[in-house]
Amino acid sequence: MREAVHSFQPSDEWRREQGLAGVELHLLDQTRGKEVNGDLDGDASSVTGKFDGKLAADELSGWDGYVEWEDYPDKKRRAHEILASQTFPPPPEFQLAPIPGTNPVLEGKFIRVRWKLWHRAVGGRLAVVPEESWAIVLKEKSLDMLHLLQFPYNGEPPKRLVTAQPITPNPLHFVRNHGGIPSIDPSAWFLRLDGLVKEPKKLTLKDLQDESRFPRMERTVTIQCSGTRRIEQILLYAGEGDEMINAPWAEGAIGTAKYVGVSLKKVIKYCGGLLDEAKHLELAGADTYFKMNEVMNYVISVPYSKVKAHEVMLVWEMNGEPLPKIHGAPVRAVVMGYIGARSVKWLYRITAISEPSRAPVQSREYLYFNQQVGKHNQRWVDGIQIQEMPVSSAIMSPWTKQVVVHEGKIEVKGWAYSGGGRWPERVEVSADGGFSWYAVPIENLSPKHKFAWRTWHTWLPCDIEGWIEIVVRCWDNSLNTQPTQIRNAWNWGLHVTSSAHRIKIYSVNKAKERTRARLEEFERRGMSFVPITRPTEFPYMTWEEYDEYFKKNGPRDVEE
């Protein structure tokens, strides 16, 4: 008699012990005998603290959603007290738990999410910024966008549209915001230039557009988020879960546009130049940023050497149109060849300083750590500051785990890019995991630009059937290329996935007679070939064919 099955273990025990629910695992402290110590987050208390409704008010008429923090230390202190007095939920978990199958992927329709709650806790003008920002997203971005994070908005186009054109249409250009989206009237906007400049000034948009003062520039520039292809690092090992939420970017956190504006170098010259001790320029955006219960404007800095090379633009036009609100209107910075975080949106102030900014985004974030640095020992000084983007590339088609039917050649498409004023010279693709490489024909690469990507496509020879690994790598004009494995690029902050991009596909070579006949059989029977894991519902051969084979080739078993 068959024994009864008893289930004493929790129903999800298998998921946890196999690492499929890592977020639920307890801390195993082997320095304390056999003790297993858990530290799972419970429900956070609701936002109940009192706030000052006048604390976060619009600073200027015509600047909706802009709250000035940097000029008011006392206001920043009061905002800190409000945040420190309350408990907020942790950020959504998507590294050690499944990524939601929704769009927006993270922080969608739910109100009780920490970034929105911070805005509501400070109150005043900030309380409605999340809803205002989402309305701008829906108005200005394509319906095809993949919304990785609803607020602050992070979104990228789907793979099928990333490289459909060498110049990314505005509605499909990726967006990585760090706060809400201000709505600033171009006629009310002005730029403050102060600090270690010889002649501090305020300039309006009309002033910047006066070609008698500032020669106009037009440049084709690729902007890339340092988190591009982060999902590959996450799938290998979990990493830092920043307050800002390190969104699970795929290969679409990159875009190329034609920008029109002026060189910041010319603007500095108009201000009489810099004092001798000035070595960096601090750029401030009108969006509100949060870090460790502190409230501030979004601030970064760039070296003056970068500005002197005319590689920092102040732009008001994107692809022949006024700069969209979601991309920083009326004026944003475009820092060529650097990570996108330095290209400040909703720019309103530039301050000349002697040292790199101590603002969190510059001094405590966007750092590249050694692989043995993590939550147990990290310090801000241990990370390399990420500025210029390294050489990188990605495959847009086919998709990983896709079944590809071909006739000996597989069409592969993608992009390649290198920062710092370098450009892709050669793109190579492999069908055997990186042992043999085929160069993409030069005519299949988009034109060169000093600060822009090159899109590409090629027909990759492939006789092999079954699971194969297609790999792409890029060589730039300085002969830099990419690490071969994701492990070589992994870092605690999950930044800069510069390794060769790898996808696994199931190759079905229709040029082979038996394969062609099998595909025709599926089609004749009206049955789908995919998913390949679904059992074939008809015999692979007749018994007559079976017997004929062994009659011709000898028995399957032998006795002596």
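Modeller: Asp74 counts as partly exposed, because its relative accessibility is 41%. This is a value from a predicted model, as are those that follow. The side chain of Asp74 meets that of Arg78 in a salt bridge, with an N to O distance of 3.6 Å. Arg78 is likewise partly exposed, since its relative accessible area is 32%. The two residues are 4 apart in helix H2, and therefore about one helical turn separates Arg78 from Asp74. The general rule is that an α-helix has 3.6 residues a turn, so residues three or four places apart point the same way.

Helix H2 itself comprises residues 73-84. From first C-alpha to last, its 12 residues reach 16 Å, close to the 16 Å expected at 1.5 Å a residue. Which residues of H2 are buried? They are Lys75, Ala79, Ile82 and Leu83. Around the axis these four cover an arc of only 95 degrees, so they sit on the same side of H2. The cover over the buried residues of H2 includes helix H3 (114-122), strand S12 (280-291) and strand S13 (294-303).

The side chains of Lys291 and Glu365 form a salt bridge, at 3.3 Å from N to O. Lys291 belongs to strand S12, while Glu365 is in the loop between helix H10 (360-363) and strand S18 (367-368), so this pair ties together parts that are 74 residues apart in sequence. Both Lys291 and Glu365 are buried, whereas Asp74 is partly exposed and Arg78 is partly exposed as well. A further salt bridge joins the side chains of Arg213 and Asp207, at 2.8 Å from N to O. Here Arg213 is partly exposed, with 31% relative accessibility, but Asp207 is buried, with a relative accessible area of 15%. Salt bridges also link Asp71, Arg192, Asp194 and Arg349 in a network. Over the whole structure, a search finds 31 salt bridges.

The buried residues of H12 are Thr515, Leu519, Glu521 and Phe522. Viewed down the axis of H12, these fall within an arc of 155 degrees, so they line one face of the helix. Exposed residues on the other side of H12 are Glu513, Glu523 and Arg524. S21 and S27 are among the elements that cover the buried residues of H12.

Just after H12, Gly526 has a positive phi of about 70 degrees. Val530 is partly exposed, because its relative accessible area is 40%. Together with Trp467 and Ile532, Val530 forms a nonpolar patch on the surface, and the three have about 270 Å² of accessible area together.

Some backbone details also deserve attention. Most residues other than glycine have a negative phi, and most peptide bonds are trans. Leu494, however, has a positive phi near 60 degrees. Leu494 lies in the loop between helix H11 (486-489) and strand S27 (501-509), and it is buried, with a relative accessible area of 0%. Asn319 also has a positive phi, near 55 degrees, but this residue is partly exposed, at 23% relative accessible area. As for cis peptide bonds, one joins Phe151 and Pro152, with omega about -10 degrees. Another runs from Ser397 to Pro398, with omega near 0 degrees; Pro398 is in the loop between strand S20 (392-397) and strand S21 (403-406).

Finally, the chain as a whole gives the setting for these parts. The protein chain contains 13 helices and 27 strands. Of its 560 residues, 51% count as buried. Among contacts with a separation of 6 or more, 71% are between residues 24 or more positions apart. The accessible surface of the chain is about 28,000 Å², and carbon and sulfur atoms account for 51% of that area.

Conventions
Residues numbered from 1 in each chain as written. Predicted model: local features only at pLDDT ≥ 70, side-chain atom pairs only at ≥ 80, totals over all residues. Heavy atoms only, no water. Patch = residues over 30% accessible without salt bridge, like charges linked within 9 Å, V, L, I, M, F, W, Y side chains within 5 Å. Areas by Shrake-Rupley, 256 points an atom, 1.4 Å probe, with all protein chains shown as cover. Salt bridge = Lys/Arg side-chain N within 4 Å of Asp/Glu carboxyl O. Buried < 20%, exposed > 50% of the residue type's maximum accessible area, 1.4 Å probe, protein only. Contact = heavy atoms within 4.5 Å. Arc of directions from axis to C-beta. Expected span 1.5 Å × (residues − 1).
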